[in-house]
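Student: I would like to go through the terms used for a structure. Please set each value against its definition.

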Amino acid sequence: EKNVKLLEDRIREDGLVLPGNVLKVNQFLNHQIDPDLMYKLGQEFVSLFEGEKITKILTIEASGIAPAMMTGLILHVPVLFARKQKSVTMNDGLFTAEVYSYTKKVKNTVSVDQKFLSSDDKVLIIDDFLANGQAVQGLIEICKEAQAELVGVGIAIEKSFQDGAALIEKQGIKLESLARISSFDDNKVHFVGDETN
Ligand code: G4P
Ligand code: NA
Ligand code: NA
């Protein structure tokens, strides 16, 4: 069975639609983690970006780490996660970007140590969710600062009705999302391309 389908099925089975267009997936991704499912997502990302010489996976703490880790494991490349802090006063030796979270209404500085990212790197960004795209945009900015080559962005769950996907694609960046949600109408998850939409 195609791994994309596995993720959709799991979302249908164990996902909870909460008010405010939020999908709770604490059963397998955001709290408890299903490593077998994560591994399959990793395989899918590897196959979607096959032929690219990826040297590093870049994600953001916390929930991006699980799918990123499996992708890095399969490719045998390091997994680098950007750290989030309320504010950073000492930026020495860090690549940083400002990330505004619409859901949490907070601005974070995300950062990675300059020693772990350089112009020699070909980077695949992986994250668990794509909503407004601010987190991924921060990672894109960090790649630019490092003059690293961005191969593309791999997302587990894209909320296609929000702005993130368009934001990434309009920059000419390759985006691959494994599950694409078109709406939460009637408190149910509807996927892009579903007959039942
Ligand atoms: P954006 O990064 O795409 O702009 O998203 P936004 O600011 O709206 O979301 C901030 C946080 O909420 C991110 O996690 C993002 O992954 C997560 N998120 C967005 N939509 C959903 C959703 O429908 N369901 C779930 N479960 N998460 C969603 P974060 O704050 O970086 O937290 P962490 O869990 O990675 O530590
Ligand atoms: Na995330
Ligand atoms: Na999250």
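Predicted model: local features only at pLDDT ≥ 70, side-chain atom pairs only at ≥ 80, totals over all residues.

Student: Why is H1 called oblique to H2?

Tutor: Helices (H or I, at least four residues) and strands (E, at least two) are DSSP runs, numbered from the N terminus. The axes of H1 (residues 3–14) and H2 (residues 35–48) come within 9 Å and cross at roughly 140 degrees. Axes are lines fitted to C-alpha atoms, for helices over the stretch in contact, with angles from 0 to 180 degrees between N-to-C directions. Under 35 degrees counts as roughly parallel, over 145 as roughly antiparallel, 65 to 115 as roughly perpendicular, and the rest as oblique. Therefore H1 is oblique to H2.

Student: Which residues of H1 and H2 meet?

Tutor: Asn 3, Val 4, Leu 6, Leu 7 and Arg 10 in H1 meet Leu 37, Lys 40, Leu 41, Gln 43 and Glu 44 in H2. Contact requires C-beta atoms, placed from the backbone, within 7 Å. By class, the contact of H1 with H2 has five nonpolar, two polar and three charged residues. Ala, Val, Leu, Ile, Met, Phe, Trp, Tyr, Cys and Pro count as nonpolar, Asp, Glu, Lys and Arg as charged, and the others, Gly among them, as polar.

Student: What makes H2 oblique to H3?

Tutor: H2 and H3 (residues 65–75) pack at about 60 degrees, with axes 8 Å apart. That angle makes H2 oblique to H3. The contact of H2 with H3 divides into eleven nonpolar, three polar and no charged residues.

Student: How do you know that H3 is largely enclosed?

Tutor: Count the buried residues. A residue is buried if 20 or more other C-beta atoms lie within 10 Å of its own, exposed if 12 or fewer, and partly exposed in between, with C-beta atoms placed from the backbone. Nine of the eleven residues of H3 are buried, so H3 is largely enclosed by the rest of the structure. Among them are Ile 65, Pro 67, Met 70 and Leu 75. The cover includes H2, S3 (56–60), S4, S7 and S8 (149–159).

Student: Is Asp 128 buried or exposed?

Tutor: Asp 128 has 22 other C-beta atoms within 10 Å, so Asp 128 is buried. Asp 128 sits in strand S7. Leaving aside neighbours within four places in sequence, its contacts include Leu 29, Ser 63, Pro 67 and Ile 157.

Student: Why is Lys 84 called partly exposed?

Tutor: Lys 84 has 18 C-beta neighbours inside 10 Å, so Lys 84 counts as partly exposed. Lys 84 lies in strand S4 (residues 79–85). Not counting residues up to four places away in sequence, Lys 84 touches Ile 60, Glu 61, Asn 108 and Val 110.

Student: What surrounds ligand 1?

Tutor: 24 residues surround ligand 1, and the closest are Ser 63, Phe 129, Asn 132, Gln 134 and Ala 135. The criterion is a C-beta atom, placed from the backbone, within 6 Å of the molecule. S2 (22–24), S7 (122–130) and H4 (134–146) each supply at least two residues of this shell. By class, the shell has ten nonpolar, nine polar and five charged residues.

Definitions and conventions. Residues numbered from 1 in each chain as written. Chains lettered and ligands numbered in written order. Contact = placed C-beta atoms within 7 Å.
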